[in-house]
Amino acid sequence: MRPEGEPRRLIVGITGASGATYGVRLLRLLKSTPIETHLVMSRSAKITLTQELDVKVSDVTALADVVHQVDNIGASISSGSFKTLGMVIAPCSMRSLAEIASGVTSSLVTRAADVVLKERRRLVLMAREAPLHLGHLKSMVAATEIGAIVYPPVPAFYARPESLDQMVDHTLGRVLDLFDISTDVVSRWQGLVPADTKESR
C-alpha cells in the first residue's frame, strides 16, 4: 500500500520521433488529475517539438510538475527507490525502443524506463515509425518480453473522431487507462449500433 500522503507519480518521456503532440497533450491531460508528472525530454525531442508544434520547449516544461535534464543520470527517476506508477514515452523513437529492449541505456529517458521495468512497474512505449523493418519488430518483441507495453498511436475510428485533437485525446485516454488514471476523453465502446434496415429510395 502507498503511504498516506505520498503522491501518485507518472514519468513522461518525450523522444525525437514524429508525434510530439502526444507527449505535450499527455501532460495537459494530466494537469487536471492529482498525478505528479516527471518530464524528461531527449535532445532530439526538443528539435522535433519546434518543427511540429507552435510551442516552445519552455511551454512544454511548464506543464510538468518536475522536469529532469536528459543527461542527469543522478535524477530521482533513475532510482527504483523513487516510487512511481510507471512511465509513458510519447512518442517513443525506435532508437529509444531498441535501447530499452537491450537494457543498454544512454540517457535518462531510457535509464528511467529501465528502472520502471526492473521494479516491475508499467512502461508504455508509444512507438512511432512506419513502415517497420524486422529490426524494429524484433525490438518490439524484446521490449514486450521484458515487460513493456508497446502502444503505437493508432487511431480508433469507431469513436468517429471529428478532429485530430479528438483522435489524439482518445489514444492518450486509453494509454492512461493502463494506469487506472481516469479522463473524460475516451469514447467508450457500447456495443454495435443496429444497422439501418430501411431500403434506400
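Is Glu36 buried, partly exposed or exposed? Glu36 is partly exposed, with a relative accessible area of 21%; buried means under 20%, exposed over 50% and partly exposed in between, with a 1.4 Å probe and protein chains only.

The model is predicted, so local features need pLDDT of at least 70 and side-chain atom pairs count only at pLDDT 80 or more, while totals for chains, interfaces and linings use all residues. Residues are numbered from 1 along each chain as its sequence is written, and side-chain values use heavy atoms, with hydrogens and water left out.

View 1. Strand 1 (residues 9-14) runs parallel to strand 2 (residues 36-41) over 6 bridges. Strands (E, at least two residues) and helices (H or I, at least four) are DSSP runs numbered from the N terminus, and two strands pair if DSSP finds at least two bridges between them. Between strands 1 and 2 the chain passes through helix 1 (residues 20-31), in a right-handed β-α-β crossover: with the strands pointing away from the viewer, the path from the first strand over the helix to the second runs clockwise. Strand 2 also pairs with strand 3 (residues 66-68) in the parallel sense, over 3 bridges. Val40 of strand 2 stands opposite Gly13, and its bridge partner in strand 3 is His68.

**View 2. The salt bridge between Arg9 and Glu36.** The closest N and O atoms of Arg9 and Glu36 are 3.0 Å apart; a salt bridge is a side-chain nitrogen of Lys or Arg within 4 Å of a carboxyl oxygen of Asp or Glu. The pair links strand 1 to strand 2 across 27 residues of the chain. Arg9 is buried, at 14% relative accessible area.

**View 3. The largest nonpolar core.** This core holds 32 residues, of which Leu10, Leu30, Leu39, Val60 and Val88 touch the most other members. Helix 1 gives the largest share, 7 residues. A nonpolar core is a set of buried Ala, Val, Leu, Ile, Met, Phe, Trp, Tyr and Cys residues joined through side-chain atoms within 4.5 Å.

**View 4. The salt bridge between Asp177 and Arg188.** Asp177 and Arg188 form a salt bridge with closest N and O atoms 2.6 Å apart. Asp177 lies in helix 7 and Arg188 in the segment after helix 7, so the pair ties together parts 11 residues apart in sequence. Arg188 is partly exposed, at 41% relative accessibility.
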